[in-house]
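Keep the 3D view open as you read.

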Amino acid sequence: MHSVSRLFDLVSAPTAQSSSSLSTVGRSERLLLATLGLVCAMVFAALWGLAASSASFSAACANAFKVPMLLVVSGAVALPVVLLFCRLVAPGVAAGVDLLVGYAVAVFGGTLVLAVLAPLVALYQHSSSFIGPRAALASVVLAVIAGCAIFVRALGRLVSSGGRRGIYLPVAAMVLVQLAALAQLASVVSPVFPTRTAFGRGIDGVSHVVESEDAR
């Protein structure tokens with residue numbers, strides 16, 4: 001329970017008490033926080049996956065596995081790239097363990113937004129074929145925005161005050177690389193929504209849009 005409390009401290013807006021308590025967190029406890037955050041995030045992602053295709057029992061069950069898998073694999077693809085990038089381009093900004101904890105907290109916070117919005121997504125998926133997919137996509141956009149903001153705030157509270165100016169570079173790199181990996185992964189598995197969206201077509205979908213605009 002103590003680790004869960006610290007995890008929510010990092011997700012929540014900082015206070016004088018929470019900021020001071022985080023300075024005493026050791027390396028092993030930070031790794032525990034990262035693990036706990038990612039495990040909880042998988043549960044939240046599975047709940048949202050159930051809601052995203054709740055009109056079909058088989059599709060909802062598949063999404064309960066597929067959505068967390070997409071999140072885990074895209075994160076596993078992006079993290080080594082960003083860690084190496086930060087080591088070469090921005091050394092000393094954040095330690096690897098701090099970047100991992102910040103990322104885990106961001107994923108935890110972003111998927112928490114998805115879990116909170118899951119009942120609303122399920123309602124629209126059942127009641128409107130037009131609004132349903134758009135409501136689900138809107139919830140994803142909100143979760144990404146929340147995750148980015150939490151990433152910046154959590155990493156800023158984990159690194160030394162002298163390195164806080166440079167945290168935007170690893171955050172931006174992580175977001176861009178993971179979204180690129182996630183879009184491509186989504187294009188090679190069955191659709192999360194009843195119909196495949198433009199985001200789920202990967203780089204081929206983007207190139208098709210560009211070619212269509214050029215043809216005009």
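Thr 111 touches Ala 41, Phe 44, Ala 45 and Leu 71, once its neighbours within four places in sequence are set aside; contact here means heavy atoms within 4.5 Å. Thr 111 sits in helix H5, where helices (H or I, at least four residues) and strands (E, at least two) are DSSP runs, numbered from the N terminus. With a relative accessible area of 4%, Thr 111 is buried. The cut-offs are under 20% relative accessible area for buried, over 50% for exposed and in between for partly exposed, with a 1.4 Å probe and protein chains only.

Before going further, some housekeeping. This is a predicted model, in which local features need pLDDT of at least 70 and side-chain atom pairs count only at pLDDT 80 or more, while totals for chains, interfaces and linings use all residues. Residues are numbered from 1 along each chain as its sequence is written, and side-chain values use heavy atoms, with hydrogens and water left out.

Now zoom out to the whole chain. You'll find eight helices and zero strands, so to speak a run of α-α-α-α-α-α-α-α from the N terminus on. Of the 216 residues in the protein chain, 41% are buried. Take the contacts with a separation of 6 or more: 71% of them come from residues 24 or more positions apart. The accessible surface comes to about 11200 Å², and carbon and sulfur atoms own 70% of that; the areas come from the Shrake-Rupley method with a 1.4 Å probe, and for residues only the protein chains shown count as cover.

Two packed helices are described by the angle between their axes and the distance between the axes. Helix H3 (residues 27-52) packs with helix H5 (residues 96-127) at an angle of about 20°, the axes being 7 Å apart. The axes are lines fitted to C-alpha atoms, for helices over the stretch in contact, and the angles run from 0 to 180 degrees between N-to-C directions. H3 is therefore roughly parallel to H5; the label covers angles under 35 degrees, with over 145 being roughly antiparallel, 65 to 115 roughly perpendicular and the rest oblique. H3 and H5 cross in a left-handed way, meaning that the near helix is turned anticlockwise from the far one by less than a right angle, with clockwise giving right-handed. Sorted by class, the contact of H3 with H5 has 24 nonpolar, three polar and three charged residues. Ala, Val, Leu, Ile, Met, Phe, Trp, Tyr, Cys and Pro count as nonpolar, Asp, Glu, Lys and Arg as charged, and the others, Gly among them, as polar.

H3 also packs with helix H4 (residues 57-89), at an angle of about 135° and with the axes 7 Å apart. That angle makes H3 oblique to H4, and the crossing is right-handed. On the H3 side the contact includes Met 42, Ala 45 and Trp 48, and on the H4 side Ala 60, Val 67 and Leu 71 are among the residues taking part. The class count for H3 with H4 is 13 nonpolar, two polar and no charged residues.

Lys 66 counts as buried because its relative accessibility is 8%.

Next, find helix H6 (residues 131-158) and H7, which pack at about 145° with their axes 10 Å apart. Their crossing is right-handed. H6 brings Cys 148, Phe 151, Val 152 and Leu 155, and H7 brings Tyr 168, Pro 170, Val 171, Met 174 and Val 175. By class that is nine nonpolar, no polar and no charged residues.

Val 144 is another residue of H6, partly exposed at 30% relative accessibility. Val 144 and Gly 110 are 34 residues apart in sequence, yet 6.1 Å apart in space, C-alpha to C-alpha.Finish in the loop between helix H1 (2-11) and helix H2 (16-22), where Ser 12 lies. Ser 12 counts as partly exposed at 36% relative accessibility, and beyond its neighbours within four places in sequence it contacts Arg 153 and Arg 157.
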